[in-house]
Amino acid sequence: MTQKFVEHLSKHGLSYGTTEEFDFRLSIFAEKDAEIQRINSDPANTFTVGHNFLSTWTKDETSRLMGYKGPKNISDEKVVELSEENL
């Protein structure tokens, strides 16, 4: 797995400053690699998946790419329905 990870780093121009960061990112990569293998081995799937630049990112890091997230204290209870008369 380490060789595959190093090849991924080289392909995407990544490097990590500490052994701890390297090991942390390797563990994320290994988890995602196992998920990729599971998906690709399913004969019912008509597609294949693979690694990309996000393969070493955490869920929090990838969630930042998803755009604006509103405040969590907003609930559906404050919805005011307006009258449709005289439209």
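You are looking at a predicted model, in which local features need pLDDT of at least 70 and side-chain atom pairs count only at pLDDT 80 or more, while totals for chains, interfaces and linings use all residues. Residues are numbered from 1 along each chain as its sequence is written, and side-chain values use heavy atoms, with hydrogens and water left out.

Stay with Thr 62 for a moment. Leaving aside residues up to four places away in sequence, Thr 62 touches Leu 54 and Trp 57, where contact means heavy atoms within 4.5 Å.

Next, select residues 19–40, which form helix α2. Its 22 residues reach 31 Å from first C-alpha to last, close to the 32 Å expected (1.5 Å times one less than the number of residues). Colour Arg 25, Leu 26, Ile 28, Phe 29, Asp 33, Ile 36 and Ile 39, the buried residues of α2. Look down the helix axis: these buried residues fall within an arc of 165°, so they line one face of α2 (the arc is that of the directions from the helix axis to the C-beta atoms). Turn to the other side to find Thr 19, Glu 20 and Glu 31 exposed.

What covers the buried residues of α2? Show α1 (2–12) and α3 (59–63), which are included in that cover.

Keep α1 and α2 on screen. Their axes come within 10 Å and cross at roughly 100° (axes are lines fitted to C-alpha atoms, for helices over the stretch in contact, with angles from 0 to 180 degrees between N-to-C directions). That makes the two helices roughly perpendicular, the term for 65 to 115 degrees. Select the α1 residues Thr 2, Lys 4, Phe 5, Val 6, His 8 and Leu 9; they meet Phe 22, Arg 25, Leu 26, Phe 29, Asp 33 and Gln 37 of α2.

Last stop: Asn 86, in the segment after α3. At 80% relative accessibility, Asn 86 counts as exposed. Check its backbone too: phi is near 60°, a positive value in a residue other than glycine.

Note on methods: Helices (H or I, at least four residues) and strands (E, at least two) are DSSP runs, numbered from the N terminus. Buried means under 20% relative accessible area, exposed over 50%, partly exposed in between (1.4 Å probe, protein chains only). Angles under 35 degrees count as roughly parallel, over 145 as roughly antiparallel, 65 to 115 as roughly perpendicular and the rest as oblique.
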